[in-house]
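Please look through the sequence and the three-dimensional structure that follow, and keep both at hand while reading. The paragraphs after them begin with a single pair of side chains and then widen the view.

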Amino acid sequence: MRALGLDVGSKTIGVAVSDPSGTIASPRQVLTRRGHAEDAAAVAALARDLGASDVVVGLPLELDGSVGHRARQVQRFLAALEPALAALPGSPRACTWDERFSTAGAERALLQADVSRARRKQVIDAAAAQFILQGWLDGQRRKDMSGETGT
């Protein structure tokens, strides 16, 4: 089970990909935003090319868990992404994952790895996508181990 993770921002989309076993997430690339339809087509093409069964989109909820402006923007992107994925063979599914603190977590990890400020700026979105995807992968494993069903 290969999955893609997305950190959807206003100017870029950070992309991460899991290994084929669905255990480890790695940063992949950063896409420049071009509008929901073009962005959805680009992500769908990546999902197809990588054989992804799932596309995990970080949902930037407010600190209290409510849906704010940024989360509504991501939901609009998701509305364009779902039909683009449905048109692919195997119809990869799109799902969301609470991304609160993902950028902060990614920044902490990059600082601990002693990545320069200039390099952090280049890779932070893909690192945040990695953080989102790894959280989702770990959550899927916990569900599998406990026997839960659903997404």
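This is a predicted model: local features need pLDDT of at least 70, side-chain atom pairs count only at pLDDT 80 or more; totals for chains, interfaces and linings use all residues.

D39 forms a salt bridge with R33, and the closest N and O atoms of the pair lie 2.4 Å apart; a salt bridge here is a side-chain nitrogen of Lys or Arg within 4 Å of a carboxyl oxygen of Asp or Glu. Both D39 and R33 are buried, where buried means under 20% relative accessible area, exposed means over 50%, and partly exposed covers what is in between, as found with a 1.4 Å probe and protein chains only. Side chains of opposite charge can pair when their charged atoms come close.

Residues are numbered from 1 along each chain as its sequence is written, and side-chain values use heavy atoms, with hydrogens and water left out.

The structure holds 5 salt bridges. One of them joins D54 to R93, with 2.2 Å between the closest N and O atoms. This pair links distant parts of the chain, since D54 lies in strand β4 (residues 52-59) and R93 in strand β5 (residues 93-98), 39 residues apart; helices (H or I, at least four residues) and strands (E, at least two) are DSSP runs, numbered from the N terminus. D54 is buried, at a relative accessible area of 3%, whereas R93 is partly exposed, at 32%. Another salt bridge is formed by R141 and D138, whose closest N and O atoms are 2.3 Å apart. R141 and D138 both belong to helix α4 (residues 117-146), where 3 residues, or about one turn of the helix, separate them. R141 counts as partly exposed because its relative accessibility is 31%, and D138 is likewise placed in the partly exposed class by its value of 25%.

What pattern does the protein follow when read along the sequence? The order is β-β-β-α-β-α-β-α-α, which accords with a count of 4 helices and 5 strands. An open sheet of 5 strands has the order β3-β2-β1-β4-β5, with mixed pairing; two strands are taken to pair if DSSP finds at least two bridges between them. Because β3 (25-32) and β5 each have a single partner strand, they stand at the edges, and one side of each is left without a neighbour in the sheet. Neighbouring strands of this sheet are turned by 25° against each other on average, with direction ignored; axes are lines fitted to C-alpha atoms, for helices over the stretch in contact, and angles run from 0 to 180 degrees between N-to-C directions.

Strand β2 (residues 12-18) pairs with β3 in the antiparallel sense over 7 bridges. Within this pairing, I13 has L31 of β3 as its bridge partner, and G14 stands opposite V30 in β3. The hairpin of β2 and β3 has 6 residues between the strands, and in this hairpin G22 takes a positive phi near 70°.

Helix α2 (residues 69-86), in which V74 lies, is placed across β1 (2-8), β2, β4 and β5, and runs at about 165° to β4. V74 is buried, with a relative accessible area of 2%. Leaving aside neighbours within four places in sequence, V74 is in contact (heavy atoms within 4.5 Å) with V8, V57, G58, L59 and P60. The C-alpha atoms of V74 and S10, which are 64 residues apart along the chain, are separated by 9.2 Å.

The largest nonpolar core has 25 residues, and those with the most contacts inside it are L4, L6, V55, V57, F77 and L81; such a core is a set of buried Ala, Val, Leu, Ile, Met, Phe, Trp, Tyr and Cys residues joined through side-chain atoms within 4.5 Å. At least two residues of this core come from each of β1, β2, α1 (36-50), β4 and α2. Apart from this core lies another, of 10 residues, among them A16, V56, A129 and L133. L4, again leaving aside neighbours within four places in sequence, has contacts that include V15, V43, L46, V55 and L133.

Seen as a whole, the protein has 151 residues, of which 41% are buried. Among its contacts between residues at least 6 apart in sequence, 63% join residues at least 24 apart.
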